[in-house]
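Dear colleague,

I am passing this structure on to you, and below it you will find my notes on what turned up in it. Please read them with the structure open beside you.

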Amino acid sequence: MVEQLKGFFIKGNKDGELRACLEKYTKPKIKKIIECFGENIASSAKKQDMVDKAESIIKNGLPQYFTCADDKETDLMASLCESSMILTAPDEFERLQPLYERGFIYLIDSENGAEVIVPKDLKSEMKSIISNVFEKADDILDNDGGLGEQSINRTDQAQFNNIIMEEIAEELVGDANAENLLEKTNTQDAESIDNKRAVKSADENRTDMESEIIRYARALSNIYGVYPASQLKEIWDFNHNRGISPNDVKKALYKAGDSDGFYISDSYIVNSLLDSIESYCNVLERLKRTDVYYYPVTDVLEDYSESLTQDNTPEYFYIKSFLSRKVSDESDMEEIMRMLSLLCVQDASSEEIVDYLKSKGIEFELSDEFNRFAELYVNWFYEMRIWVYKGYKPSELKNEKLQDRDFKFTVDTKVKLNKKIGRNELCPCGSGKKFKNCCLKYIDN
């Protein structure tokens, strides 16, 4: 028996359904599954309410997770659906942990070890995901296919993402070059692609819905940096409580141009600030496949519809005020803050940031001066929507998630989050003035 795994066991049978498995868990365990999908529920909620929410989230999250998963993980889940697996050593559990944490699989006691089971209702859903990967492609693109305004099943999102983007790629570079463009994107042939991708002009003849879809796409590019087209539909459906036709998304994206703040490359919508294939592949390489995307509500989308930086936060004013005292021409500050924001959301290293500031004539002669900057920068970083964390602010991540992050900005500084500053205290920006006579007036405004 694998003693170390006994704490993961539930009392159930291998043919149980998802709800029955969840009901065997404690409330904290159910809450942890919910939080794994980026959702939350009060600890004081009734267990039945937790089970209801977890069941819904898991069933909705299964298709989304596996349409983006790699082949090995999909094959592993498919194998578990066909027959259970017996674990005889704790290290065998490691590769299964992402599936376990999301409530896709469960462990029960057996004579030979820990038996891994998939709930009966999830098995049928998983089989549908695998068998329908390409089967419905024509229906997705067919206006008369009966989809209308209803939400497509999430099993269709991989096809939607690939097919829509292939058609757009064809329009951008011509039929003869489309296949070559997509193929070279996958091999990250940066030079070849950059030469082929011309700046695309926007079509301003748009319906109100098309304008709103493009606004959503722009806001999400500021929140995520790079994201699959299926995520645009997900966020639209999430905020409108109804599905949008993939064809409506396609038509809107056809009319978008570089001036809208994003462009389309292969199967991704990319922020225009990432102006090369190499730059956005650097973001993609750091995304954790097991993470879920942050789901912004309408108000957040509005905040990010024009810029990736919230220039009305205290953290922004503090670091801007600090740096402005080192800049001879105040008019340079907007560009400096814009580029610093771009480095920040990509979790740039301290060396990259210092090198950029040096190129703008900003240097730190004393270690105390750099430490002050580092503290202000890290506090600002914690309140930014970081692209390599799929749109989450570090301050929104749980402690265990933060510990799992390899922050590139490595400095010996203590982050003072949400510290209340008195009006008569010295301003955090380091000006030497009282808070009320310095940054507070900008924050109040």
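**What was found**

S328 counts as exposed, at 80% relative accessibility, where exposed means over 50% relative accessible area, buried means under 20% and partly exposed lies in between (1.4 Å probe, protein chains only). The model is a predicted one, in which local features need pLDDT of at least 70 and side-chain atom pairs count only at pLDDT 80 or more, while totals for chains, interfaces and linings use all residues. Residues are numbered from 1 along each chain as its sequence is written, and side-chain values use heavy atoms, with hydrogens and water left out.

S328 sits in the loop between α16 (314–324) and α17 (333–345), the helices (H or I, at least four residues) and strands (E, at least two) being DSSP runs numbered from the N terminus. Its C-alpha atom is separated by 8.9 Å from that of G361, a residue 33 positions away along the chain.

Helix α2 covers residues 27–36, and K29, I30, K31, I33, I34 and C36 are buried in it. An α-helix has 3.6 residues a turn, so residues three or four places apart point the same way. K31 is buried, with a relative accessible area of 14%, whereas E35 is partly exposed at 23%. Just after α2, G38 takes a positive phi of about 80°.

D291 is placed in the loop between α14 (277–286) and α15 (298–303), and D291 is buried, with a relative accessible area of 12%.

**Other salt bridges**

By the cut-off given above, the count comes to 18 salt bridges. One of them joins R218 and D260, with the closest N and O atoms 3.9 Å apart. This pair links distant parts of the chain, with R218 in helix α11 (residues 208–224) and D260 in the loop between α13 (246–255) and β5 (262–265), 42 residues apart. R218 is buried, with a relative accessible area of 16%, and D260 counts as buried at 7% relative accessibility.

Another salt bridge brings together the side chains of E396 and R385, at 2.9 Å from N to O. Both residues lie in the loop between α19 and α20 (399–403), so the pair ties together parts that are 11 residues apart in sequence. E396 counts as partly exposed, at 35% relative accessibility, while R385 counts as buried at 4%. There is also a network of salt bridges that links R19, E23, D52, E55, K59 and D121.

**Backbone angles**

Most residues other than glycine have a negative phi, and most peptide bonds are trans. Against that background, D347 has a positive phi of about 55° although it is not a glycine. D347 is placed in the loop between α17 and α18 (350–359), and D347 is buried, with a relative accessible area of 1%. K390, which is not a glycine either, likewise has a positive phi of about 55°. K390 lies in the loop between α19 and α20 and is buried, with a relative accessible area of 7%.

**Cysteines**

The structure holds zero disulfides, a disulfide being a pair of cysteine sulfur atoms within 2.5 Å. C81 counts as buried at 4% relative accessibility, and C281 counts as buried at 5%.

Methods: Salt bridge = Lys/Arg side-chain N within 4 Å of Asp/Glu carboxyl O.
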